[in-house]
Amino acid sequence: MDAWAIMDAWAIMEAMADRDRMVRASRRLSLVLRHRPDSVGLELDEHGWVAVDDLLTGLAVHSLRLDRAELERIVATSDKQRFAFDQTGERIRANQGHSVVVDLGLRPSAPPPLLFHGTVTRFLPAIAREGLNPGSRQHVHLSADVSTAERVGRRRGVPVVLGVDSGTMSADAAEFFLSVNGVWLTGHVPARYLSLDGRPLSA
Ligand code: HQG
């Protein structure tokens, strides 16, 4: 290998290490800003916000050194736009996905007639009995397109995409919210609104 090739290889390795570090930091931010702010000695306010300075200090004390520029890079490049700064840039929060109880201030919106939920086969018997539960999160997460739902399901195995008759649910007075990063959120989805391959899920 000549000197240029070695330098290229070195630059690629450095870029990969940097990307790994940013992915790990993003996962940690999801944990802190959605589920475990106490893990770095923080509390979210009622709308989910936390001061950026407090967050960076809390993370540093708990072994993640991140500077403001790196945090901005994570927010800007997060594939799902998971985080947002407030208008002053002094506070940050997760856009959705919380298990900590927060009021994101989302207004109910009319959903498209059909939404999708990605899951896996092993959950289907329980889902057919109980419908979709938010589990540990505040909401059930739905998407407007099949491919996003497939990606969500694939986190757990071979994905299965359920149709959600959001039009009828909404007519039946269920509330839907659209997060700023495009995820449809609702409470419990009773099984009678669910379909698989166009057929009702529950008998
Ligand atoms: C399943 C990621 C048994 C449900 C994604 C899911 C998403 C049931 C799991 C976001 C059930 C809950 C949320 C029932 C629902 N019986 N299982 N009655 N009802 N389930 O992670 O939707 O990368 O809380 O099908 O992209 O998978 O974190 O929800 O499999 O947008 O930003 O219980 O998380 O985004 O799992 O994912 P989750 P989810 P981030």
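Visitor: Which residue in E3 is the bridge partner of valine 50?

Guide: Quick caveat: this is a predicted model, where local features need pLDDT of at least 70, side-chain atom pairs count only at pLDDT 80 or more, and totals for chains, interfaces and linings use all residues. Residues are numbered from 1 along each chain as its sequence is written. Strand E1 (residues 50–51) and strand E3 (residues 91–94) run antiparallel, joined by two bridges; strands are DSSP E runs of at least two residues, numbered from the N terminus, and two of them pair if DSSP finds at least two bridges between them. In E3, valine 50 is partnered by isoleucine 92.

Visitor: And which residue in the turn of the E2 and E3 hairpin has a positive phi?

Guide: Strand E2 (residues 83–85) runs antiparallel to E3, with three bridges, and phenylalanine 85 has isoleucine 92 as its bridge partner there. Five residues sit between the two strands of the hairpin, and the one with a positive phi, about 80°, is glycine 89.

Visitor: On to the ligand: which helix gives the largest share of its shell?

Guide: The shell takes at least three residues from each of domain 1 (3–94) and domain 2 (115–200), bounds that come from an automatic or database domain assignment. Among the 17 residues around the ligand, those coming nearest are Thr119, Phe123, Ala126, Glu130 and His141, where near means a C-beta atom, placed from the backbone, within 6 Å. With helices taken as DSSP H or I runs of at least four residues, the largest share, three residues, belongs to helix H4 (residues 124–130).
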